[in-house]
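Here is a short briefing on one structure. Please look at the sequence and the 3D view before reading the points below.

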Amino acid sequence: MANPLKCDLCAKPATVHLTQIVNNKVHKVDLCESCAQAKGVTDPSGFSLADLLLKASLNPEASTASVRCEQCGFTPNDFKKHGRFGCPTCYEAFKGLVEPMLDNMHKGTTHTGKIPQRALERKSIYDRLTKLELDLTEAIKSERYEDAARARDEISQVKQTIPSNPKSAR
Amino acid sequence: MTIASLIDSPSELTDAASSKTAIVLMTRIRLARNLSGTAFPGWAKPAQREEILRICREAVTATSPMKRSLNITVGELSDLEKQILVERHLISRELSGAKGGAGVVISKDQAFSVMVNEEDHLRIQVLRSGFQLKKAWNAITELDSALEDHLDYAFTPTLGYLTACPTNLGTAMRASAMMHLPALVISNQMEKVVRAVNQLGMVVRGLFGEGSDASGSIFQISNQTTLGESEGEIIKRLHTVLQSIIEHELNAREKLLEADAGKLFDKVGRAFGILQNSHLLSSGEAMNLLSLIRLGIDLAVFPDASRSVIDRLFIEAQPGHLQHAQKGEYDPAQRDLLRAARLRSEFANFVRPEFSFSTNSKN
Ligand SMILES: [Zn+2]
Ligand SMILES: [Zn+2]
């Protein structure tokens with residue numbers, strides 16, 4: 001953990017020490033004069049500790065690791081710099097970094113709210129199609145024509161259940 | 001109604017319908033959504049941002065609340081137009097500063113707005129006047145589900161909706177109410193309230209979001225956390241907190257009247273005089289004067305019907321709206337002249353205050 005006399009955001013000596021209780025958890029942040037100014041800490045009504053905690057709670061081992069998100073090329077250092085992730089897949093790639101953060105940041109660590117039901121149904125249909133198409137190719141390659149015919153029938157059946165035409169910018 | 005009877009009958013002030021709209025000006029809910037397998041706006045390349053913008057605008061404009069909506073890119077907006085949209089809470093300051101590949105779709109009635117490529121691919125927002133969390137939620141979840149038919153959202157069962165910033169994970173929902181709390185400000189209790197609200201996991205901000213000062217005693221109260229609770233639970237919790245802030249504000253008003261009604265009425269009367277006669281008004285001062293008139297309305301100094309006039313002026317006194325009404329760009333000093341002129345003419349025909357004192361108040 002960082003030396004408590006140093007600013008949590010840069011390395012300068014900390015002169016502002018904050019304690020805030022959020023959801024019955026005590027959060028402590030030490031900041032230097034300029035970071036406190038920049039973060040609007042001096043304005044009691046306008047600052048959120050969550051954003052500060054985000055950067056301050058990053059543990060140094062995780063942030064020096066040379067992991068990279070396969071999808072978007074993001075690194076833990078990029079996160080330290082921006083405080084935002086690169087793409088949705090980053091959450092899988094940097095699991096070890098995210099999990100300890102959540103405990104401090106939120107009321108719980110598991111989602112219990114709305115689920116995009118229709119999108120998930122669509123996804124399961126696509127996953128099924130991908131698998132069937134693989135089966136089909138395999139069956140044809142190994143000359144199992146009965147299996148191939150069955151897979152082909154199933155593919156056309158599954159295709160009919162696709163609800164609409166979803167889009168994503170891949 | 002006399003002031004004494006007003007003090008004696010708090011039930012009228014605590015009456016659900018009227019007092020709720022008096023203290024809660026506006027309810028707002030926003031949801032952050034992202035496209036699966038696609039870089040978040042802050043990390044996406046320019047061409048990718050354009051592609052995201054195209055896909056999202058197409059999907060948003062296909063939903064029924066967004067039929068015949070305003071569908072515009074940030075680049076197509078002038079600085080003044082951006083400022084006006086910010087003042088109406090239809091876009092964020094962050095979006096108004098976006099470089100390229102960002103836009104907004106706003107419904108005809110200005111109840112819905114969807115920002116594209118702000119911090120997340122989509123920031124869906126609904127605005128409702130008064131204290132209407134439940135109605136706002138029903139409206140926004142319907143729009144969100146309609147979008148789901150056209151877009152593949154980034155979602156996992158454990159983390160919920162995936163967002164650029166981990167502070168928004170889970171429901172990715174920010175529900176907020178804009179509250180007018182003049183008595184808590186006058187009696188120096190706001191700091192205490194902010195602290196108490198923070199402990200309950202809610203955040204208090206000024207009128208225009210993070211870091212802005214609370215002009216006109218108007219504050220935004222919203223949930224801080226988004227993961228580990230359902231939307232319904234967050235809304236219920238926020239509702240309880242708002243209800244308790246309303247009670248504190250009403251108590252503070254009663255106490256001010258009990259302690260020294262003359263002092264409070266002096267503030268309201270002077271505000272009226274300045275609004276009728278001043279020639280220079282900064283937007284901060286105008287907001288604070290209007291806030292006192294609004295408090296006067298709640299205290300029956302002015303008729304109830306004037307409240308909507310003040311709520312309109314809260315917005316029209318902002319720099320963007322003021323310059324728009326004058327059809328030009330003006331420096332701050334000129335704006336203060338124009339603002340005072342505008343309010344003078346508005347208050348020339350305003351109903352005169354009626355302070356019904358009762359002589360049996362303490363000393
Ligand atoms: Zn610092
Ligand atoms: Zn990534």
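**Briefing: a metal site and a chain interface**

The four donor atoms around the zinc ion (ligand 2) subtend angles of 100 to 123 degrees, so the arrangement is tetrahedral. The model is a predicted one.

**Zinc site**

- Which protein atoms are the donors of the zinc ion (ligand 2)? They are the SG atoms of C69(A), C72(A), C87(A) and C90(A), at 2.3 to 2.4 Å from the ion.
- Along the sequence, the spacing of these donor residues is C-x2-C-x14-C-x2-C.
- C69(A) and C90(A) link distant parts of the chain, being 21 residues apart. C69(A) is in the loop between α3 (60-64) and α4 (76-82) of chain A, whereas C90(A) is in helix α5 (residues 90-93) of chain A.
- C69(A) has a relative accessibility of 3% and therefore counts as buried, the cut-off for buried being under 20%.
- C90(A) is also buried, because its relative accessible area is 0%.

**Interface of chain A and chain B**

- The size of an interface is often given as the accessible area lost when the parts come together.
- For chain A and chain B, the buried area is about 4700 Å². Carbon and sulfur atoms give 55% of that area.
- In terms of residues, 53 of chain A are in contact with 62 of chain B.
- Two salt bridges are found across the interface of chain A and chain B. A salt bridge joins the side chains of K114(A) and D144(B), with an N to O distance of 2.7 Å.
- On the side of chain A that touches chain B, at least two residues each come from β1 (16-22), α2 (49-56), α4, α6 (95-105) and α7 (117-141) of chain A.
- The largest share of that side, five residues, is supplied by α7(A).

**T171(B)**

- Where does T171(B) lie? Its place is the loop between β7 (160-161) and β8 (173-180) of chain B.
- Is T171(B) buried or exposed? T171(B) counts as buried because its relative accessibility is 0%.
- Leaving out residues up to four places away in sequence, T171(B) touches residues of both chains, among them H111(A) and G113(A), and also L31(B), R33(B) and Y161(B).
- T226(B) is another residue that T171(B) touches. A polar atom of the T171(B) side chain lies 3.0 Å from the backbone oxygen of T226(B).

Key: Residues numbered from 1 in each chain as written. Chains lettered and ligands numbered in written order. Predicted model: local features only at pLDDT ≥ 70, side-chain atom pairs only at ≥ 80, totals over all residues. Heavy atoms only, no water. Donors = N, O, S within 2.8 Å, 3.2 Å for Na, K, Ca; no water. Tetrahedral: all angles 85-135°; square planar, octahedral: opposite > 155°, others 65-115°. Helix = DSSP H or I, 4+ residues; strand = E, 2+ residues; numbered from the N terminus. Buried < 20%, exposed > 50% of the residue type's maximum accessible area, 1.4 Å probe, protein only. Contact = heavy atoms within 4.5 Å. Buried area = accessible area lost by both parts, 1.4 Å probe. Salt bridge = Lys/Arg side-chain N within 4 Å of Asp/Glu carboxyl O. Polar contact = N/O pair within 3.5 Å; in protein donor to acceptor, adjacent residues only side chain to side chain.
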